[in-house]
Each structure stands twice: as C-alpha cells, then as structure tokens.
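I opened my notebook to get to know a structure I had not seen before. Here is what I looked up, entry by entry.

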Amino acid sequence: MGIGHSISARVKWLMMPFSRHFCRPKKLHQRGILGMNKRNHSYIGRYNDRSKYPLVDDKLKTKFIAQRAGATVPELIGVIRSQVHVPEIHQMVSDWGGFVIKPAQGSGGKGILVITHHKDGRYFKASGAELNQQDVERHITNTLAGLFSLGGKNDVAVVENLIEFNDNFVDFSYEGVPDIRVIVFQGYPIMAMMRCSTASSDGKANLHQGAVGVGLDIATGKAVRAVQHNQPISHHPDTRRALNTLVIPDWQQLLLLAASAWEMTGLGYIGADMVLDKTKGPMVLELNARPGLAIQTANGCGLLPRLQKVEALKAQGAAHATAEERVAWCLQAFAT
Amino acid sequence: MINRLPFYLFVAALVVIGLALSLYRHSVYGVPWLPGESRAQWEVEARIAFDATGDPVKASMAAPNSQQGFILINESTSSQGYGVALQENEGKRSAQWAIRSAEGKQLIYYKARFLVDPDAEYTIYPPRIPTPHVFEELRQTAAQALLSEAFKQSAGNLTLTREIIRQLNDPKNQNAALLLNSINREDAIVSLLSMRKIPARIVASLKLEDGRRRQVIRPMVQVWDANKLRWQLFNPISGAEGKPSNLLIWSHDYHSLLDVVGGRQSAISFSMIAQDISPQQATREKIEAEDLLNFSIHSLPVEEQAMFKTIMLIPVGALLVVFLRIIVGLKTSGTFMPVLIAVAFVQTQLLTGIIGFLLIVGTGLMIRSYLSRLNLLLVARISAVIIAVILIISVFTVIAYRIGLLEGLSITFFPMIILSWTIERMSILWEEEGAKEVFIQGGGSLLTAILVYLAMTSELVRHLTFNFVGLQLMILALILMLGNYTGYRLSELRRFKPLADR
C-alpha cells in the first residue's frame, strides 16, 4: 500500500511538466471536443463526397450555385483568367470604391487582397498601407500562377465588391470585415462564431493568425465567449470594445442561409462563411469543406455532442425537409 | 455505416502472413532476430563492363582468396554465353571468361562470399627477393638520398616502410616531391624498398561497407615481415599499419586486376552487402536460391540487394511520419519531404547533414526573398530557385573542400528539386503567416527527418527490414490501423487544454 502510494506520487511528480501543458484525453472526450483525426475520419471522410469538393473549392462556382439557389452573395466585379488580362484590373475597378481580389481556389484565406479605396493608381489596404499598380498586378499574377491555390494549380482571380459591413459591428473588428462561420452538419446549423480581425492578424479572419473568435449562441446570435490565441478575452485587443455585447442582427435569416448550403452543395459537413452587409443583409462569402476546429474554443464547448444529436435524429428517421424546419429545431436543441 | 469487418480481416491477414514469413526466415534459414555483434558474412560482387568489338573476347580478373579475417566460402559468376574458368597459381587466383565472338555492351558478374572469422587460416607464399628498381639518373639520386635518410631512422623492414611513407608525406621533402612527380606513391614505396632488397607488393583492397554500390578498388602496400614470416599491410597515404577488419584484399597484384582482350572501355566496380547468417547455416545455404517459398530479395544480384537495403527502410520512415502526424500532430512542411531529407542524411552523416540542410535552406530563403520582388511567374521562379540551390551547393562544396572539410563534400547528396520546393513553400509561409510558422514547420520537418534518420541507421532496424520482408506487411497493417485512429492528437491535448480546464 505504502509502496504503491509512493510510486503513484512519483509518477505524478514526473508527469508534472507534462500535465501543466497537456490535458488528459479523457477530459477532452467528456467535453465532447472533436479532434482533427475524428473530424477527418468520421465526419469529412464520411459525409463529404469528394466529387462535390470542386463546388466549394472554387469560389467562383460557389458563388454561382449560391446565386442560383437564391442566396445573396457579394457582387462580382469581374474575373481575370489569364496573364494578358492582368493590366485590365485598373480599368475594371475604376467605378468601384473598394474591392477584394481573391483566388478562386485559394485555401485558408491565402491570397485575399482587400482594397478599401483607391485613387489615381494608388491602392490602399484596410491598414492604410499603400500599394501601387504594379503591386496589385503582381498579386494577380501570383494568383493566376497558382501560388495561393490548393496544390499550386493555375487559378483565376475573382474581383468582388467590398462588403460594407453592418454598423452594429463597428469596433468589433480591426481593419477587416468580420465574418460569421457556421458549422452546418447535414443541413443543421450546429455551431457558430464570429471572427474579428485584429492588428496582429493583419486584417485576416483566421483564428490561428491571431483573429478574435467570438462564440455565438445558436438560439439568439448573442456572444457567449471570446478567445484570441486560444485564451479567453473580454475586450477586443485593438478597439477595446467589450465583446460580450455582440449581438448578430437578422440571426434567423443568417442561419437559414447557412442551412441552405446543404441543398446547394450536398456536402454533409461544411463551414459556411457569412457576412452581414449594411444594406443587403446576410450573404454567403464562401463555403469550406474542411472547416477548422477553433470554433470549439470560441464557444467553449465541443462539437461532438451536437454532431451526435443530429446523427441520432437522422437515425430516428425524423427528417426536416426544409431549411426553416431544421433551423427551428436547432434553435431549440442547441440553445445555451 | 460501412461494415469494417473485411478491413480488420485484411489487416489481421497481413499481420499473420508477415509473422509467418518472418518466423519461416528465422527457423528455416536461421536468420537471427537481432543483428550479430560482428557481421557474419559478406557478399561481394564485381561487375565487369566493356564494349565488345565483335572479335573473340578474353577477360581475366584477379579473384580473391581466403585471408586474414575472411574465409572464402564460395564464388559464382554470371555471364551470358561465356566460358568460365577459375585458375590458381602460386596463390594467385584468377577468373577467366572467353567467348568466340561478342558485340556491344557486355556485363559479367562475379560474386564471392566470405565468412568473417578472426582465426581464418590461409596459406602464405614466401616472396622472392626482388631485383632492385633503378630510377632514371636524377631520380635515382633523390631515391637514394631519401632511402638512406629513412634507413638511418629505422630498425627493420617495417620501420623502414613507416619512415619512407612519413618522408613521402612530408611536403617540404624535395626528394619525395621529385619522386612523386613521376610515379604513384604506392609504386614509389615498393620501388624504394626493392632497392634494399625488401619484398613488398601493391595489393588491391576493398573497404567493406554494408549496402555500398559502385565501389572502387584502392591500392595498399604489403611489406614482408621477415621476423614473423608474414605480410604486413600499410596504407600508402596515411601510413596506417595493419589490416583493418573491414578491409578485404581482392588481389595480390594491383596492376593486373582486370585484363580484357577484344573489348574496349573495360571497367570494374564492386557492390557489397553484409548478412547475419549463422556460420552453420552458411554451408547449407545453397538450397536457398532454388527455394520458391523464399520470398526474400536475397536471390538478386548484390548490387540490387544493396539498393533494396535502402528501399526497405522507406516504409519505416513512412510509418514514423504517419505516427508523428496522426498521433503526435507535428506540423511538417511537405508530408514526406522529411523522409527524403533523412535518406540524404544517411549519406551525409547527421551533423553535416543538418548543417548542410540549414545552410541550403537558409541561403535559399534569402535568395528567394529577392526573387519574390522581381514579380516572376511561378514556374520560372521555382526553376530559378532550383538553379540557386545548385549554385549554393556547389559554392559550399568548394568552400568546404578549400578549408579541408571533407565531410562538406557530401552536401551534394541532397535532393535538389525537393529542397527547392521546400524553400518555395517556406518562403510563401513566411510572407503569409510570419517567421514563427516557418520555424514551427521547418523545425517539425527537421525533427521528423532526424527521427527517421535515427530509425534508418539503427543497426536493428536495418537488420530486421532487410532480412525479414514479412515485416513490411506488418508495417503496412500498422499504417492501415493508424489510418483508423480517431482519438486526439498529442498536440490537441495542449491546444484544447483551456477548454478542458474550464
């Protein structure tokens, strides 16, 4: 007994530096945290048909199918498909205030250039950094060559109107449009967060680049928790705005739009990236067939219980035919 | 849900077959599970290549014999249509091939098998007293001067040899410089010794290194030890005395190693491989070649076997990568790039490898950051990076050679195209995610490469993967199982710790 005790004490002591940085897998399991392997194997691998990936991997295609389904999307200014057309960009955007250049097949937010305003061949990013015509052309050249695209394939550059984001979000995001990521599982919006860019994320909305993630209550669209670099925070680091005051307007409409992505693509496990435009309301920005796991940290809870709840619902044979029914079910089932 | 039963049956079948094959190799062929303390057996293959002119061809190669440390067990040759004869004459053995007419590229293989035995018995033929060599006038004086200087500081045959080599190695010795101007070092030593009527000869030696291909013969000097009545080996360059245990003497006459009549551009190269087969087994090994159940690659020519010795290590590297990514969650740049880097490390040795890798990638990143300002198309830019990498490698090789770092020469083993892509990818990563991510992924790749290198160079792993092909099936089964792992990665235990503690 005494010996056993001292051994376990010794083991505990030896494990000290380990347990300071790592947690027990059992604990994560209890909290229903979805891990990368499980996501890849049990959800993406099982519910996402590979032949449908091109629909979401190519943002131009996503845009078209979303439009066809009646969803609002950011206005398309033009598409640059080959090197000879690159200099036409200046002519193309001359009548537009701000615009965004993105690779049609980019991944992880790579290669997205946001120009808030331009004048006489001088272009300005949200940060105020100035680009000249050559810089913009080089960015498009890189895009066409496939620098930002999956597998380095040749790509096309999509030029879109810059979204004028809703005044409710002023100060929630620093130098960049905040977007709302909704995980949609078999048509059910099961978890959501808003991603607010910060100075350290350079206007980008990716959490691993330093953006702030604000977990959203599925029932109400109100903030539940906010994190940056995996750690809880209460105020936006740059604007000092209290993050718990965040409420998304048009919440149900936004969830409906996200839920309809299931009908649009046929993909079972996707991340729908939405934005709220000042005048046009919720819009589908892009869809992601391999959405990240950071949304769990932002919400402070795991995806697994919710995924399993939907799986159980499906197994019972209860089918909600329309997006409205599904959203209504989610508003109840996932209220926090 | 899909029925997983066939999958698990398949995996189980792989394990069972793999296990059975390994057990069969162990029990029937007596291959030990663990590598022996010393190599039990060496298989050395000579590959003779030449262009035949259409006339009768006669090729003669000096053949090795039992010697200090090695016993010749058997030998075989493989040559299409040639008549073969093995001859022995006063300890001088030779293999001779002949054909009435041949045309085009010809290949002849000769394979010999040696048992490592420190107490090997072999016959020593005492030498005749040599006739003194006479140099031309000017050099004769230099030779005599050098010799008398060396003679003064020596007490016998062996010490004289040692002294001669030391003088030849002295860069300030003008007599030595004059001699070495016209003849090889080893010839000079033997000629000088003959002037004192000391028997000495140049032998053809082969350094035995497991899994080496395309090796060449190196000349060594043997001097007759009149006291002990045996030959003593000298390295003509370093002056090192005695026969290292991994040195095989192929022939006692360096200059008549290969002689081809009726062919042009003849060349000979050697491949070798070590096997851990118990000596008892070695004698009844001949059945092996005819045995159909012997799935092993050991019936292939030695050169191919040596190649497989490396190829069979790749699955181990792949398994490690799978483990590090799925279980640990290590980020690397390029999935299997670390395995290729590890293969390069095996050639360069670890430390030189790491330094070389860091130098190339570091310099490459600097050059690439300039290229990124030039606004080039992607394919052109990568090609420019490839050329830059080649230039970096050549510059570093030359510098290493100039400052006498011979290890630096092995930097050329790095796979250049892969390195260029690594540089390109890391450079983009740097621009987009910052230096931190580059260090995380670069460090992850390097760490993976080092771990794979350690596994690949482990004597045990090399022994097991090469001798037990069944093990490959078990590795495959393990990788398939890992492909089903849906638990947390080690990195996620850290990433989600704030969530667990809430």
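**Confidence.** I began with pLDDT, which is the predictor's confidence in each residue, on a scale from 0 to 100. I needed it here, since this is a predicted model. For chain B the average pLDDT is 83, and 92% of the residues score at least 70.

**Chain B by itself.** I looked up its helices and strands next: chain B has 18 helices and 12 strands. Its C-alpha atoms fill a box of roughly 90 × 60 × 50 Å along the principal axes. Of the 502 residues in chain B, 34% are buried. I also checked contacts between residues at least 6 apart in sequence, and in chain B 77% of these join residues at least 24 apart.

**Where the chains touch.** How many residues of chain B are in contact with chain A? I found 25 of them, facing 26 residues of chain A. Helix 13 (416–433), helix 17 (490–495) and helix 18 (497–500) of chain B each supply at least two residues of this side. Sorted by class, the side of chain B that touches chain A holds 11 nonpolar, five polar and nine charged residues.

**Domains of chain A.** I turned to chain A and saw it divided into domain 1 (36–56 + 166–333) and domain 2 (75–161). Their C-alpha centres lie 26 Å apart. Six residues of domain 1 of chain A are in contact with five residues of domain 2 of chain A. On the domain 1 side I noted one nonpolar, three polar and two charged residues.

**A strand with two partners.** Last, I followed strand 10 (residues 223–228) of chain A. Is it covered or open? Strand 10 of chain A is mostly covered, with five of its six residues buried. It pairs with strand 9 (residues 212–216) of chain A in the antiparallel sense over five bridges, and Val214(A) stands opposite Ala226(A). Six residues lie between these two strands in their hairpin, where Gly221(A) takes a positive phi near 80°.

Strand 10 of chain A is also joined by two bridges to strand 11 (residues 231–232) of chain A, again antiparallel. Here Val227(A) stands opposite Pro232(A). This hairpin has two residues between the strands, and His229(A) in the turn has a positive phi of about 50°.

How values were computed. Residues are numbered from 1 along each chain as its sequence is written. Chains are lettered from A and ligands numbered from 1 in the order in which they are written. This is a predicted model: local features need pLDDT of at least 70, side-chain atom pairs count only at pLDDT 80 or more; totals for chains, interfaces and linings use all residues. Domain bounds come from an automatic or database domain assignment. Two residues are in contact if their C-beta atoms, placed from the backbone, lie within 7 Å. Ala, Val, Leu, Ile, Met, Phe, Trp, Tyr, Cys and Pro count as nonpolar, Asp, Glu, Lys and Arg as charged, and the others, Gly among them, as polar. Helices (H or I, at least four residues) and strands (E, at least two) are DSSP runs, numbered from the N terminus. A residue is buried if 20 or more other C-beta atoms lie within 10 Å of its own, exposed if 12 or fewer, and partly exposed in between; C-beta atoms are placed from the backbone. Two strands pair if DSSP finds at least two bridges between them.
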